[in-house]
Amino acid sequence: MEVLSDNPDAVPSKAQISYVLRAVTSFAYPEMFQLIQAQCLPISNCLLFVDQYSKVDEIIIGLEFHHDKSEFVDISFFGHEWSEKIQKNIMPEWWSEIEKICLEPSGRSGDFGGSVFSGNDSISGRLANHATSTLQLLGDHIIECEARNGQISVAGVFISLSHEIQEHAKPVFSSAFDVICEIQRAKSESSIKHHYGLKSLISSLVQVLGEPINLGVMVGRSQDLKLIFGCLKSPIDIRKALSVECCVKVSAEFLDQVNSAAVSLLKVSDITFRLCLDMNLQRAAIAPRFCFEIFPSQVMSETRNWLVLDQLADIFGLTMSATKHVRSVHQHLPIGQKLDARLVDMMQGRFDFSQKMVSKHKYQQAAVLSHYKICLELGKDITIKSYAYVKQCLSD
């Protein structure tokens, strides 16, 4: 049975998000409850949503766990118009300009800000017309936040790329290179120095890995951009896309290690995985860290039998302390509970005394593993992070 909201466009208030964070982590992560609350609750309090009485059918919060003895727990939110929904002192000033590219009609045909770029139009990053376009930035984003040394900040904003035109009034682009140029222009109001080198590098990556499906615009690293590619389904030769000269502090042997890891991951059943690269735009080079994001197909059983984690430990030589920490952190997952919808409304300060005390609907609260992230960097230990969803949804 489909449950219809009184206001399908409603967004959750910070009170609702904080309630879900506290309620679910209290039974899903009891051993880490105080740590999560100390690091993540102050971040949720930076949200600016004010309509605490709106009906919200689903609230999803992402948690990122570090397993390197740092005890860091980062938090992610999902939505759009973040320039209006989070405190200005932690949101980068340039984000509103990038957000316009994702949300607003372009008001132009053809060239989008082309005068900003120097040189020949074929390399300068231009908005394509709809007849030749292939890419469009989507309006919903993931905003990743962190607390370090008592300071709260936005670590990055992740933008999804659609390979089909979703809205004809919004900007469209002919290549990932054009998208990256436009984002950099909006972020720094400066053009990219090494256009030819950057365009060649991106073209080589696309030939081997396909078009990126997500771009991570990082805060505090003005020249860095994360490229997240689609799931790999066959062996790759990353050296066809990247020569040693295109990378920062990377050897040929290290690139072979990345290739070997991809081949090994293809042999693991019941997973999908993708490659994530950090790109330095001004140097037109890939930063030394290469990451694999691994998604178990059977997330409900993964935190019971740890079949994927054990294979990752063998492939990447993960330390026993790291894998033990992963198991300990997520030992209660998957887990959930159902509560009467009126009871939850009352606890969130939204109870309507004109309605019945008992609802025929339930709120389902749950926590479930999402995926693992393995990071390889020359001269450093291989590390693992894990991600989980904490959520509340209305059910019949």
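Reader: Leaving aside its neighbours within four places in sequence, which residues is phenylalanine 77 in contact with?

Author: Contact here means heavy atoms within 4.5 Å. By that rule, and skipping neighbours within four places in sequence, phenylalanine 77 is in contact with Ile17, Ile43, Ser44, Leu47, Ile61, Trp82, His141, Ile142, Ile143 and Cys145. Before we go on, two notes on the source. This is a predicted model, where local features need pLDDT of at least 70 and side-chain atom pairs count only at pLDDT 80 or more, while totals for chains, interfaces and linings use all residues. Residues are numbered from 1 along each chain as its sequence is written, and side-chain values use heavy atoms, with hydrogens and water left out.

Reader: Okay, so what about cores? Which residues touch the most other members of the largest nonpolar core?

Author: General idea: a nonpolar core is a set of buried Ala, Val, Leu, Ile, Met, Phe, Trp, Tyr and Cys residues joined through side-chain atoms within 4.5 Å. Buried means under 20% relative accessible area, exposed means over 50%, and partly exposed is in between (1.4 Å probe, protein chains only). Here the largest nonpolar core has 104 residues, and Tyr29, Phe77, Leu205, Phe290 and Phe292 touch the most other members. Helix 1 (residues 14-28) gives the most to this core, with 8 residues. A second, separate core has 5 residues, including Phe158, Cys276, Cys291 and Cys375.

Reader: You said "helix 1". How are helices and strands numbered?

Author: From the N terminus: helices (H or I, at least four residues) and strands (E, at least two) are DSSP runs. The expected span of a helix is 1.5 Å times one less than its number of residues. Helix 7 (residues 252-266) has 15 residues, so it should span 21 Å, and its end C-alpha atoms are 22 Å apart, which agrees.

Reader: Which residues of helix 7 are buried, and what covers them?

Author: The buried ones are Ala252, Phe254, Leu255, Val258, Asn259, Ala261, Ala262 and Leu265. Their cover includes helix 6 (238-241), strand 7 (271-280), strand 8 (285-296), helix 9 (307-316) and strand 10 (362-377).

Reader: Now the surface. Which residues form a nonpolar patch there?

Author: Patches are made of residues with over 30% relative accessible area and no salt bridge; like charges are joined within 9 Å, and nonpolar side chains (Val, Leu, Ile, Met, Phe, Trp, Tyr) within 5 Å. Accessible areas come from the Shrake-Rupley method with a 1.4 Å probe, and for residues only the protein chains shown count as cover. In this model, Ile60, Phe78, Ile142 and Tyr389 form a nonpolar patch, with about 300 Å² of accessible area together. One of them, isoleucine 60, sits in strand 1 (residues 58-66) and counts as partly exposed because its relative accessibility is 31%.

Reader: And salt bridges? How many does a search of the whole structure find?

Author: A salt bridge is a side-chain nitrogen of Lys or Arg within 4 Å of a carboxyl oxygen of Asp or Glu. The search finds 10. Glutamate 97 and lysine 100 make one of them (3.3 Å, N to O); both lie in helix 3 (residues 95-103), 3 residues apart, about one turn of the helix. Glutamate 182 also forms one with arginine 185, the closest N and O atoms being 2.9 Å apart, and both of these lie in helix 4 (residues 176-188). Glutamate 182 is buried at 2% relative accessible area, and arginine 185 is buried at 18%.

Reader: Where are arginine 289 and aspartate 278?

Author: Their closest N and O atoms are 3.6 Å apart, in a salt bridge. This pair links distant parts of the chain: arginine 289 is in strand 8 and aspartate 278 in strand 7, 11 residues apart. Elsewhere, Asp74, Glu146 and Arg148 are linked in a network of salt bridges.

Reader: Last one: backbone angles. What is phi of lysine 69 near?

Author: Most residues other than glycine have a negative phi, and most peptide bonds are trans. Lysine 69 has a phi near 75°, a positive value, and its place is in the loop between strand 1 and strand 2 (73-79). Glutamate 71 has a positive phi of about 65° and is in the loop between strand 1 and strand 2. As for peptide bonds, the one from leucine 333 to proline 334 is cis, with omega near -10°. Proline 334 lies in the loop between helix 10 (320-329) and strand 9 (335-340).
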